[in-house]
Amino acid sequence: VESIDQFTGELGKLEPVADIDLESGILSLDLKNDLSIIAVGTEEGYVHLLDSMHVNIERRNDCRIYSNRRWNAHRTAVTSLAFHSFKGSRGCVLATASLDASIKIWGNDACHLTREPRHHVATPLLVLHSSVGGICKVLWAPEPVTGPSSRAEEHQYLVASSLKNEILVWTIDLTHFKALRLSSFEGHTGSVNDFHFMRLQY
């Protein structure tokens, strides 16, 4: 698709509020925690940032959200995106995954809107490579790594699924932006297209 509708629900009825229009097909999106920015990944390897806070919902028939900022993030399709926001005013990072078998982490400088829409060249803070093929999905784990060698917010798990039958887990040092270790898990006979976290009660 080349557009995505934002919806509002009333008594179970969903009505489109705005269209997101881009020049190429949309494969993935994620919302920043404060809902101010929509990050969109396209089939051509671009990441677009869109301002979701200035939508005139009164213009139901002609309300569109356009790309505020975009950059060429990957050589092939961007299959997944995931924001991670720091506590306080430290900003956020954005992880993007692609069929080019890489995951890139973009810093706070790349993850904010500009006064005028523009295309720019962004440099990732960290590039992770998969030896098992393209990446289908990437997510930050909901809890920081705990242990004697880690402090809250500094180390975080980044989890990805691949076109092969593996789940990949990196421990990311968010202070120095280094990958400390990689673990992998197998349990499927084909590609792992999606996954979610679930909090267990003991």
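Two residues are in contact here when they have heavy atoms within 4.5 Å of each other. With that in hand, welcome to this predicted model. Among contacts between residues at least 6 apart in sequence, 49% join residues at least 24 apart. The protein has zero helices and 16 strands, so let's take a walk through some of those strands.

**The protein as a whole**
- Of its 202 residues, 46% count as buried.
- The protein exposes about 11,600 Å², and carbon and sulfur atoms supply 50% of that area.

- Five strands in the order 3-4-5-7-11 make up an open sheet with mixed pairing.
- At its edges sit strand 3 and strand 11 (118–119), each of which pairs on one side only.
- Five bridges connect strand 3 with strand 4 in the antiparallel sense.
- Within this pairing, look for Ser-28, which stands opposite Gly-41 of strand 4.

**A nonpolar patch on the surface**
- Leu-31, Leu-35 and Met-53 form a nonpolar surface patch, and together they have about 280 Å² of accessible area.
- To find Leu-35, go to the loop that links strand 3 (26–31) and strand 4 (37–42).

**The hairpin of strands 15 and 16**
- Strand 15 (residues 166–173) and strand 16 (residues 178–186) run antiparallel and are joined by eight bridges.
- Trp-170 has Leu-182 in strand 16 as its bridge partner.
- Four residues lie between the two strands of this hairpin, and Phe-177 in the turn has a positive phi of about 50°.

Technical notes: Residues numbered from 1 in each chain as written. Predicted model: local features only at pLDDT ≥ 70, side-chain atom pairs only at ≥ 80, totals over all residues. Heavy atoms only, no water. Patch = residues over 30% accessible without salt bridge, like charges linked within 9 Å, V, L, I, M, F, W, Y side chains within 5 Å. Areas by Shrake-Rupley, 256 points an atom, 1.4 Å probe, with all protein chains shown as cover. Salt bridge = Lys/Arg side-chain N within 4 Å of Asp/Glu carboxyl O. Pairing = 2+ DSSP bridges. Buried < 20%, exposed > 50% of the residue type's maximum accessible area, 1.4 Å probe, protein only.
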